[in-house]
Every structure is written in C-alpha cells, then in structure tokens.
Amino acid sequence: MLIFLFLLIGFQPSISDSSVAISVEGQGWTGYGTGTVIAVENTRSLVITNAHVVKDDKNPIFISYLYDGEWYKQEATYLSGSKVIDTEKDVVEIDGPDLAILELNCKLTPVKFSKQIPKINSYVKMYGFSGN
C-alpha cells in the first residue's frame, strides 16, 4: 500500500514530515506499522495505513510523530477500514482493500500529492518504521 502511495506522490524531500509510526496494543500482542498524513483540517489530521496493522477499533491505537525535533505519542481514533479476520497465527483475511483511516487530534503536515503520473524508472523515496 505505501509503495503505491509513494508512487502517486512522486519525489518530495519533506515526505518524512508526513510519515508517522503506528502501534496497536492488543491482548498478548503489539502491532506496528507506518501511516501517512493525507489531510489536515484545523487541528485534526487524517492518517492512512494498512488495515492489517490496526485491525479494528477494539484495541488502543497510538501514533508517534516527529514535530519540531521532538517525538510525540498520542492515541488515535479508528474511523474506517476493511474488516480483518484472523484465520491462523500470523495470517489474516481482509474483506477489501488493505486500508484504514485514523484520526489524530493535532495538526501535522499532510503529504503533497504529485499532479503528474510518475514515469517508468522514476526515482521513488519511501519512509517506514520498523516494529520496535
């Protein structure tokens, strides 16, 4: 998902300002992933991520972000996403696109989408956060 998103965005030196780290704390497990700020209105930021990272709204979701040289961690609200079903250990089934939208009550930097479709062999820069 993020590779596709970054292909749409094209090269942008400040894209790291729009990347956030996500952690979800379930019963006996913790999930990690990366999200991208896609829209900001007043002090509300919307973040897109993979549905398999957050699964649903039943577990606390936290977003960590860099602002003014400092890291902050804040609980996020799950707004929408495809349904994720655990089928066996480390295997999930998803009922649609592997996408989820989260809301954060702070003003972050939204990604700037490219107005041009990238050409084959274009330079692509990706950001992501490992799981711990």
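Strands β1 (residues 19-26) and β2 (residues 29-41) run antiparallel and are joined by eight bridges, where strands are DSSP runs of E with at least two residues, numbered from the N terminus, and two strands pair if DSSP finds at least two bridges between them. Within this pairing, valine 20 has glycine 35 of β2 as its bridge partner. A closed barrel of six strands, in the order β1-β2-β3-β8-β5-β4, is formed with antiparallel pairing. On average, neighbouring strands of this sheet are turned by 40 degrees against each other, direction ignored, the axes being lines fitted to C-alpha atoms.

The model is predicted, with local features requiring a pLDDT of at least 70 and side-chain atom pairs counted only at pLDDT 80 or more, whereas totals for chains, interfaces and linings use all residues. Residues are numbered from 1 along each chain as its sequence is written, and side-chain values use heavy atoms, with hydrogens and water left out. The average pLDDT (the predictor's confidence in each residue, from 0 to 100) is 82 for the protein, and 86% of the residues score at least 70. Over residues 1-13, the pLDDT is below 50, and this stretch has 32 contacts in the model beyond near neighbours in sequence, a contact meaning heavy atoms within 4.5 Å.

Isoleucine 61 lies in strand β4 (residues 61-67) and is buried, with a relative accessible area of 2% (buried means under 20%, with a 1.4 Å probe and protein chains only). Its C-alpha atom is separated by 4.6 Å from that of valine 24, 37 residues apart along the chain. Not counting residues up to four places away in sequence, isoleucine 61 touches residues including Ile22, Val24, Val54, Tyr78 and Leu102.

Definitions and conventions
Helices (H or I, at least four residues) and strands (E, at least two) are DSSP runs, numbered from the N terminus. Buried means under 20% relative accessible area, exposed over 50%, partly exposed in between (1.4 Å probe, protein chains only). Axes are lines fitted to C-alpha atoms, for helices over the stretch in contact, and angles run from 0 to 180 degrees between N-to-C directions.
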